[in-house]
Amino acid sequence: MSWNQGGGPWGGPPGGQTPWGNRPSGEGPDIDEMIRRGQERIRRLVPGGGRGPFGTFALFLLGAFVLVALQGLAQGNILGFYRVNDGEIAVIQRFGAVVREEQPGLRWLVPVVEKFTAVSTKKALTLQIAGGTRMGDDSVSNRMITRDLNLVEVDFTVQWRVSDPRKFLFNLRDPEGTLRLAAESVVREYIGRSTFDDIIPPEQNEILNPVTVQADGTTVPVEETVPVVQTGSQVVNLKVQMQERLQKLLDEYESGIYITDLQLTRPVVPAPVKSAYDGVQQAGNDAKSNINRAVVDANATLANARGEADSIRLQASAYKTQVTEAARGEADRFGQVLQSYEAASATAATRLYLETMEQVLGNANKVVLGNGANSALPYLPLDVLRRTAPAAGGQQQ
Amino acid sequence: MTPRSIIALAIAAFVAFVVSDSLFVVNQSESAVVRQFGRFVRETSEPGLQAKIPFVQEAIKFDRRILALDMPSQTLLVGQLQVVVDPFTRYQITDARAFLNSVGGSEDVLRGRLEPTVNSVLRAVFNRFRFEDILSEKRDQIMQEIREQVDKDVQAAGYGIRIVDVRIRRAEFPEQVTQSVFTRMISDRDRVASEIRGRGTSESRRIRAEAEATSTKLLAEAQRDAQRLRGEGDSEAIRIIGEATNKNPGFYNYYRTLQAYRTALGPGNTTFVLGEGDGFLNLFSKPSAPQ
């Protein structure tokens with residue numbers, strides 16, 4: 001590969017097109033005529049009229065000068081003067097051998113004998129490797145095998161620049177192609193050392209961290225919480241390792257290439273697996289909503305229970321109040337009755353008794369038997385007595 | 001043009017030709033072999049302008065940079081698995097003379113020789129390992145071994161090159177295996193999904209059951225407290241009434257009995273069968289008041 005073609009980091013001689021490359025071709029004027037005219041013109045310029053040995057020598061010098069100038073133009077210099085842009089380094093070859101390097105500015109080289117190639121060591125270059133993008137190779141896919149024998153599709157981008165122009169120019173025939181192959185092999189190698197989950201971290205499912213709903217309705221994680229794995233860190237780590245390995249490989253080749261960055265731009269699940277993979281997320285969502293519903297139910301249950309418990313306590317408390325207050329009332333009542341009884345004990349007891357009996361018997365059915373009633377009792381038709389009772393009771397109320 | 005100038009031009013051209021044929025340029029990236037009527041004279045990797053005897057000697061130049069041999073993909077057996085690999089080899093012409101003599105200085109000819117060598121070494125070495133090894137850290141070691149073996153073979157064949165490295169650009173399963181890998185991945189994902197779903201179900205059940213258990217506990221505690229409160233109330237009542245009645249137990253007995261009569265035998269369908277002997281009727285047949 002020639003480095004005079006565009007596309008590389010070198011901005012050296014204008015590629016391909018020679019200064020005379022655009023001369024209109026076709027039937028030109030008669031060549032003899034041209035030479036004659038040229039000779040006349042030169043004769044006018046050169047002292048001595050271009051005649052004699054001195055004139056021939058001058059003619060020769062002029063021709064040489066023109067040749068040198070044209071040759072220089074072809075190689076991007078004007079009589080040996082050329083410029084090196086900022087960020088570039090010019091490598092000077094004398095008859096093919098590298099003799100020196102030049103820094104930016106206006107520089108001079110020995111025309112014809114020396115030529116320069118300017119290479120930028122600052123220019124950031126990008127190499128993208130994505131599925132199906134390599135030219136002339138349709139079979140290329142970005143599918144890679146992981147350590148757990150899964151397939152993953154990885155596109156990546158390599159950012160690089162030339163670190164050593166001399167090495168870059170003269171150690172590898174095809175530095176960019178080499179970079180491409182090396183990058184691809186390194187990325188595949190490290191993908192192969194990683195698990196699928198390292199490259200495409202699974203969704204963090206909160207399910208992994210079980211929760212429990214407490215009696216007061218707050219949701220707290222259960223103790224045995226799985227520590228949250230710093231996902232993504234593996235990928236970052238991997239990226240660093242890949243970059244180091246690629247750099248090492250390129251250094252072994254003495255390629256003069258420096259890798260500034262290597263990014264896995266698109267690690268994705270292969271299309272045939274995509275729906276199954278999405279299914280996992282779907283399952284995660286389903287499980288999550290399932291759990292959420294359970295939490296809702298649990299909250300309702302607990303709220304219910306709390307209300308019920310409160311009500312039970314309140315009822316009991318009310319009972320307590322009720323019986324104690326009733327007892328107090330009864331005690332007070334008794335105390336007062338007792339007081340009056342003690343004051344008039346002779347008739348009070350009789351009066352109480354009679355009042356009570358009056359009330360009790362006054363409202364009830366009665367059968368009064370005279371003496372000897374005891375013997376007659378067994379023969380009384382109790383059913384009849386009973387039957388009359390409701391009517392009697394009704395009247396008495 | 002005059003004949004004289006034509007002759008002068010011819011001479012000049014001849015001189016230029018002689019001079020140019022006695023010099024040759026070796027580029028920084030090249031080495032050259034100088035032969036004299038086919039006989040090897042010297043080899044140089046010194047870049048720059050070099051001299052040779054015109055017409056008699058010829059200079060053949062070679063690229064001494066690292067060259068690539070990107071090989072077509074092929075199916076290998078690694079362990080039990082069929083794997084499609086894309087190897088690539090980097091080599092460098094170290095001995096231009098040997099390179100010239102063995103493969104006529106042609107990289108294409110070399111390619112034809114090198115490919116089978118690399119392939120057979122790959123086959124032989126890979127066959128000894130499991131596929132997992134290729135994916136593991138062992139890969140470097142395996143590729144190193146392959147490189148060394150290829151290098152050894154190449155040295156033995158005397159191609160005048162050295163193998164810089166042999167690498168696997170990609171290693172993939174054949175289409176059929178890929179399909180089965182996908183099937184496995186899908187079933188794997190399905191398994192994970194079902195696990196997650198199952199986990200969700202069991203989790204939600206657990207949460208519900210926990211809530212039930214907690215509420216049962218809450219209610220039991222409430223019942224316990226309620227019984228205590230009731231007991232407290234009852235004992236308080238007993239104490240209060242006891243305190244009051246202890247002042248006169250006999251009267252309390254009397255009074256409370258009467259009260260009980262009133263409530264227990266209260267209005268309703270109670271039928272009393274009374275005889276004269278009963279206390280309430282003891283005046284029934286005694287019209288006179290006691291003295």
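User: How many residues does the contact take from chain A and from chain B?

Analyst: In this predicted model, the contact takes 106 residues from chain A and 93 residues from chain B.

User: And which helix or strand gives the most to the side of chain B that touches chain A?

Analyst: That is H6(B), which gives 42 residues to that side of chain B; among the other elements that each supply at least two residues there are strand S8 (81–93), strand S9 (161–172) and helix H7 (249–264) of chain B.

User: How do the residues on that side of chain B divide into nonpolar, polar and charged?

Analyst: The residues of chain B that touch chain A divide into 44 nonpolar, 28 charged and 21 polar.

User: Which strand of chain A is joined to S10(B), and how many bridges are there?

Analyst: Strand S13 (residues 365–369) of chain A is joined to S10(B) by five bridges, and the two strands run parallel; within this pairing, A:Val368 stands opposite B:Leu274.

User: Switching to chain A itself, what is the order of the strands in the open sheet?

Analyst: The three strands are ordered S6-S9-S12 with antiparallel pairing, and the edge strands, each pairing on one side only, are S6 (125–129) and S12 (257–264) of chain A. From one strand to the next, the twist averages 20°.

User: How many bridges pair S9 with S12 there?

Analyst: Strand S9 (residues 156–162) of chain A pairs with S12(A) over seven bridges in the antiparallel sense, and A:Trp160 stands opposite A:Ile259 in S12(A).

User: Which helix packs on that sheet?

Analyst: Helix H4 (residues 175–193) of chain A does, touching S6, S9 and S12 of chain A, and its direction makes about 50° with that of S6(A).

Notes. Residues are numbered from 1 along each chain as its sequence is written. Chains are lettered from A and ligands numbered from 1 in the order in which they are written. This is a predicted model: local features need pLDDT of at least 70, side-chain atom pairs count only at pLDDT 80 or more; totals for chains, interfaces and linings use all residues. Two residues are in contact if their C-beta atoms, placed from the backbone, lie within 7 Å. Helices (H or I, at least four residues) and strands (E, at least two) are DSSP runs, numbered from the N terminus. Ala, Val, Leu, Ile, Met, Phe, Trp, Tyr, Cys and Pro count as nonpolar, Asp, Glu, Lys and Arg as charged, and the others, Gly among them, as polar. Two strands pair if DSSP finds at least two bridges between them. Axes are lines fitted to C-alpha atoms, for helices over the stretch in contact, and angles run from 0 to 180 degrees between N-to-C directions.
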